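Hi,

Here is the structure I said I'd pass on.

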Amino acid sequence: MSTQDLDPSPTGPVDVEQAEAALVERYPRLVRIAYLVLPPALGRNRRVLTAHALVQRSLPRRRVPGPRRAEDAVDPGYAYVRGEVLRQALVAGLPLRRLALPRRAQFPPLLPHVWGLRLFPRVGGADELALDQRLSRLSGPGRAAYVLRGLERQGDPEVLRVLASAGVEDPAAALAEADAVDTVDTWDVSRGGADAGGPGAPAVDRPSVVGGQGRRSGGPGAAGGPDVPGTSGAGGPAGAGLGLTERPERVGEQGGPGRSGGRAGRLGGAGGAGGAGGAGGAERGLGLGRSVPGTGSTAGPGRPASGAGSAAEPGYAAPGAGAETGPGRPAVGSEATAGTGRPASGAEAAAESRHQVSGAGPAAGAGRQVPGAETTAGPGYRAPGAGATAGSGRPAPGTGVTAGSGGPAPGAEAAAGPRQPGAGAPGGSLGGTAPRRPRLSGAALLESDEFDPCALQARPTDLLRRRQHVRAGVTAVVALAVCGALLGLPGDGWGRDGAAAPSYARNPAAEAALDPAAVKRVGPAVWPGATRRDFSVWPARGDLAGDRALLRRALAVWARPGGAMQSSATPGTPVGPPMGPPQLLFAGRVDAVRVVLFHDGLRAVRYAEPAEGTAGVALDFARTDGADAVGSTALVVSRAAGNVRYLTAPWVRETAVRNLLLPAKEPYALARDAHGVTDPVPSPAQTKGCTRWNTLQTRDGSGLRLFTDLGELAPARLLWGRPAAPADATGPEAREAWARTACQLTTVRAHGVRSVNAWRFARQRLPEGAGLGAWLCTRAETWRGTGDRILAQFLVPSPEVPAALAARSEGSPACGVRDPRVLAGVLWQAPGGNRYVLAAGSPDFASLEVSGGVEGRADGPVLAVRAGAGAEADLDGTLRDGTRRAALR
């Protein structure tokens with residue numbers, strides 16, 4: 001029905017509930033509109049699903065303004081939903097462009113979605129197919145205008161407004177496209193209209209639309225009949241077909257239920273009497289060939305000869321002299337086929353129709369009668385005088401039955417012109433002819449099942465192709481699974497075990513040691529009451545101490561270090577997996593790195609991975625067995641940009657930074673966070689020069705401690721004094737001595753040093769009154785107990801001059817607890833330019849002696865002998881018990 005046939009509702013805002021009610025109530029109509037506007041190039045299956053998807057997506061999200069005019073629609077909710085459907089359908093018909101942002105409607109719908117089936121409406125006839133082809137040649141706005149006019153029964157102003165609101169740039173051009181389709185429909189409907197021309201009129205023009213009116217011209221002898229209102233040419237029956245009307249009525253102007261007819265000249269209106277154009281006048285049906293009077297041959301393809309019988313529709317034969325009416329269509333003499341394989345005779349001409357009349361709408365085109373013959377002239381017409389209806393329920397002139405919708409045919413009482421020879425004669429009419437069903441217009445075809453996406457048929461998809469797709473899909477899934485597994489390998493992404501190598505053992509103890517849930521954790525209240533203080537009573541600290549995934553990766557890399565990670569260990573430190581679940585000391589994020597510190601009783605292990613990415617995993621080992629309260633004061637937790645951060649023991653109260661090269665300068669405080677991690681401190685372990693040597697000074701319950709970073713996980717403790725009783729190098733004398741010998745610490749970097757003790761074992765009065773010199777023995781002891789390094793150094797009286805290295809030894813017990821004796825010598829140049837061999841020993845030496853290039857001997861632990869430039873000599877000493885000792889080398 002037309003949306004104008006009902007009383008319009010008041011205009012106003014449209015609620016979501018009102019729009020939903022309109023959508024549900026008119027859902028089939030809205031889906032049909034979307035289906036018709038969508039381009040046929042999408043295919044019927046996708047058009048059906050897209051039409052349903054567009055309608056279902058047309059609900060507003062909030063209250064929206066209604067139509068501006070009350071006559072736009074019966075229901076404002078329906079008007080809004082219909083506008084949204086048109087807008088999305090027009091967008092869906094746009095092609096995808098490379099640089100333009102695609103719209104949602106241009107993609108296949110996600111819902112509704114059908115697997116394994118193809119859905120399409122029921123198959124129609126040839127007229128539906130022809131209409132679908134004509135619509136496919138239109139643009140999207142043209143199809144929308146045709147649907148609004150034909151299906152919604154809207155006038156031109158309303159169509160223009162709806163198209164403009166839907167986003168069409170040129171609604172007038174879209175309406176012109178719809179007019180072109182209306183013209184084709186008018187031509188098809190008007191085939192078979194009567195138009196008699198006089199002699200000398202060999203052709204009758206096709207109907208044309210000029211200024212909105214269809215006109216028809218006759219031949220020179222076409223003036224034999226009177227003028228009849230509603231005709232544009234004389235000599236033919238007035239109103240018998242569309243070719244004689246003033247203007248064919250548009251689809252949108254056809255009457256719906258409860259509406260009156262259109263303008264004058266409406267299809268199926270009362271026709272006037274036909275006028276004779278002369279004897280043997282030519283007769284031609286619209287769209288067919290022209291017959292030649294008095295012959296039995298066709299004047300064109302499929303055109304029967306006059307006098308032998310003519311047909312106004314292709315595929316029909318008229319009774320006559322057996323002339324052939326067209327290609328493959330025999331004329332009827334005694335019996336002939338009319339159309340495709342149907343017999344026709346002089347008593348009856350078969351009529352074939354592919355469609356049924358839908359309601360009392362516009363009539364189908366009227367046929368024409370050939371003089372002297374009896375035939376059906378068009379869909380739904382019988383021969384004159386036989387009592388057949390002309391058009392849709394309209395008898396032919398001369399029967400006395402009404403023609404059109406309710407008015408009597410003028411030919412029933414008085415003919416408008418001379419009757420054709422044999423027309424309506426008793427012997428010339430053949431009663432009982434079967435009526436042919438009329439041809440439907442485009443508007444009626446829009447209501448057919450061919451364009452109903454709610455009444456669907458289902459067929460399977462391409463089964464062979466689907467089988468191939470399943471195989472390809474399975475292959476793709478397997479490939480994705482393999483790629484995902486490869487992406488989880490080290491270097492591209494974290495797997496379960498991070499950068500660890502593949503597992504090589506299934507030992508229960510080894511697996512238990514790698515279980516993050518089994519990691520030992522010490523509470524923060526344990527260390528104050530513990531009988532000893534070392535790493536075993538450190539509490540588990542850090543904001544990532546509960547991250548089991550991080551702990552799992554750290555333990556896995558510890559047990560199975562991969563080739564992509566960096567590993568370091570102090571000399572003599574085993575790097576194997578833990579013997580059991582280790583103790584967690586710290587797990588947290590420091591300097592954009594996630595750090596985990598473990599302790600297994602023998603080693604301190606540091607695992608570090610970048611917080612972003614997977615490159616740069618590091619694993620450091622340091623031996624810490626036998627550590628006491630002072631040896632477990634701090635561990636290095638981070639190194640970044642030449643700085644170092646320490647994790648201090650829970651019993652450390654204060655932390656500060658002291659520069660060894662500036663003994664008189666007070667240290668500055670070093671802040672720590674809640675987990676005991678210090679602020680960054682410039683490390684001397686990575687510097688190339690010796691302009692500054694920062695040390696970590698801590699205070700615990702028993703005093704001050706001094707530590708230095710030598711590039712290892714555990715910092716080295718700095719001491720001062722005799723080997724039997726060293727003390728922390730925090731006093732003034734110790735700081736002054738370390739200030740001159742600190743730069744020599746570079747010789748013991750990364751050596752696993754536990755502590756370094758500096759001992760001034762002798763003082764010596766220099767020759768020529770140069771002052772008082774001093775001798776230092778520096779011993780660096782390791783965590784492993786072997787490989788200790790001993791340095792013998794000579795200090796001149798000037799405090800700004802660094803210590804001179806006199807001798808160096810590794811693995812010697814000298815200058816240690818087991819052998820607190822040392823002997824060393826140097827070649828020294830006095831301020832006056834003379835050179836001397838200077839030597840000194842610990843207080844246990846009774847005499848010293850040099851030999852070789854220089855000869856000399858002195859009682860006591862010191863010796864000074866004049867020597868030449870480049871002199872070389874051997875140095876020996878005798879202890880108080882008479883034992884001979886060689887110099888340190």
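Below is what turned up on the disulfides and a couple of other cysteines. One thing to keep in mind: this is a predicted model.

Searching the whole structure gives 2 disulfides. If you count the bonded cysteines along the chain, they pair up as 1-2, 3-4.

Let's start with Cys 690 and Cys 743, which are joined with an S to S distance of 1.7 Å. This link is left-handed, with -90° about the S-S bond. Cys 690 sits in the loop between strand S16 (681–682) and strand S17 (694–700), while Cys 743 is in the loop between helix H13 (732–741) and strand S21 (753–766), so the bond ties together parts 53 residues apart in sequence. As for accessibility, Cys 690 is partly exposed at 28%, and Cys 743 is partly exposed too, at 30%.

The other pair is Cys 777 and Cys 815, with their sulfur atoms 1.8 Å apart. Here Cys 777 belongs to strand S22 (residues 771–782) and Cys 815 to the loop between strand S24 (804–810) and strand S25 (823–829), so this pair connects parts that are 38 residues apart in sequence. Are these two cysteines buried or exposed? Both Cys 777 and Cys 815 are buried.

Two further cysteines are worth a look while you have the model open. Cys 454 has a relative accessibility of 35% and counts as partly exposed. Cys 483 is also partly exposed, at 41% relative accessibility.

Cheers

Technical notes: Residues numbered from 1 in each chain as written. Predicted model: local features only at pLDDT ≥ 70, side-chain atom pairs only at ≥ 80, totals over all residues. Heavy atoms only, no water. Disulfide = S-S within 2.5 Å. Helix = DSSP H or I, 4+ residues; strand = E, 2+ residues; numbered from the N terminus. Buried < 20%, exposed > 50% of the residue type's maximum accessible area, 1.4 Å probe, protein only.
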